[in-house]
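Take a walk through this model with the coordinates open beside you.

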Amino acid sequence: MCLLADLHWHEDAVLANALRVKPTVVALHVERLAAAGYVSVRVAGRRTKLRLTPLGLDRLAGHVAALQEVASTAAQLVTSRHGAPRSPT
């Protein structure tokens with residue numbers, strides 16, 4: 001979904017290549033994301049283009065915020081148990 005965060009149309013084959021997965025894998029995920037209203041799909045001949053919907057962008061932003069919270073908590077736990085991280089030499 002991060003690859004679609006710019007809200008532009010992207011070909012599914014380009015996304016599959018960027019993710020280094022088969023197009024069929026992308027298609028399975030797109031089917032679920034579209035059913036949830038997170039992705040719009042436009043088919044023209046043999047080409048399929050995808051775009052994140054405003055709802056999808058909202059959900060992605062929420063997911064990223066949750067991941068940032070997890071990372072922050074993990075950093076606090078590590079720091080409290082082992083002291084401040086040292087810079088590499």
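**The sheet and its surroundings**

Three strands make an open sheet in the order 1-3-2, with antiparallel pairing. Strand 1 and strand 2 stand at the edges with a single partner strand each, so one side of each lacks a neighbour in the sheet. Two strands count as paired if DSSP finds at least two bridges between them. Strands (E, at least two residues) and helices (H or I, at least four) are DSSP runs, numbered from the N terminus.

A word on the source. This is a predicted model, in which local features need pLDDT of at least 70 and side-chain atom pairs count only at pLDDT 80 or more, while totals for chains, interfaces and linings use all residues. Residues are numbered from 1 along each chain as its sequence is written, and side-chain values use heavy atoms, with hydrogens and water left out.

Begin with the pairing of strand 2 and strand 3. Strand 2 covers residues 39-44 and strand 3 covers residues 47-52. The two run antiparallel, joined by six bridges. Val 41 has Leu 50 as its bridge partner in strand 3. Val 39 is partnered by Leu 52 of strand 3. The hairpin of strand 2 and strand 3 has two residues between the strands. There, Gly 45 takes a positive phi near 65°.

Now cross to strand 1. Strand 1 pairs with strand 3 in the antiparallel sense, over two bridges. His 10 stands opposite Leu 50 in strand 3. Glu 11 stands opposite Lys 49 in strand 3.

What lies on each face of strand 3? The covered face has Thr 48, Leu 50 and Leu 52. The uncovered face has Arg 47, Lys 49 and Arg 51.

Charged contacts come next. How many salt bridges does a search of the whole structure find? It finds two. A salt bridge is a side-chain nitrogen of Lys or Arg within 4 Å of a carboxyl oxygen of Asp or Glu. In one, the side chains of Glu 11 and Arg 47 meet at 3.1 Å, N to O. Glu 11 lies in strand 1 and Arg 47 in strand 3, so this pair ties together parts 36 residues apart in sequence. Glu 11 is partly exposed, at 23% relative accessibility. The scale runs from buried (under 20% relative accessible area) through partly exposed to exposed (over 50%), with a 1.4 Å probe and protein chains only.

Arg 59 forms a salt bridge with Asp 58. Their closest N and O atoms are 3.1 Å apart. Arg 59 is partly exposed, with a relative accessible area of 41%. Asp 58 is partly exposed at 45%.

Turn to the helices. Helix 1 spans residues 12-19 and includes Leu 19. Ala 16 is also placed in helix 1. Is Ala 16 buried or exposed? Ala 16 is buried, with a relative accessible area of 2%. Leaving out residues up to four places away in sequence, Ala 16 touches Val 21, Lys 22, Pro 23 and Val 26. Contact here means heavy atoms within 4.5 Å. Ala 16 and Ala 27 are eleven residues apart along the chain, and their C-alpha atoms are separated by 9.1 Å.

Helix 2 runs over residues 23-35, 13 residues in total. From first C-alpha to last, helix 2 reaches 18 Å, close to the 18 Å expected at 1.5 Å a residue. That expected span is 1.5 Å times one less than the number of residues. Gly 37 follows helix 2, with a positive phi near 85°.

Leu 3, Leu 19, Val 21 and Val 25 form a nonpolar surface patch, with about 290 Å² of accessible area together. Patches are made of residues with over 30% relative accessible area and no salt bridge, joined within 9 Å for like charges and within 5 Å for nonpolar side chains (Val, Leu, Ile, Met, Phe, Trp, Tyr). Accessible areas come from the Shrake-Rupley method with a 1.4 Å probe, and for residues only the protein chains shown count as cover.

Ala 5 lies in the segment before strand 1 (10-11). Ala 5 is partly exposed, at 29% relative accessible area. Setting aside neighbours within four places in sequence, Ala 5 is in contact with Leu 52, Leu 57 and Leu 60.
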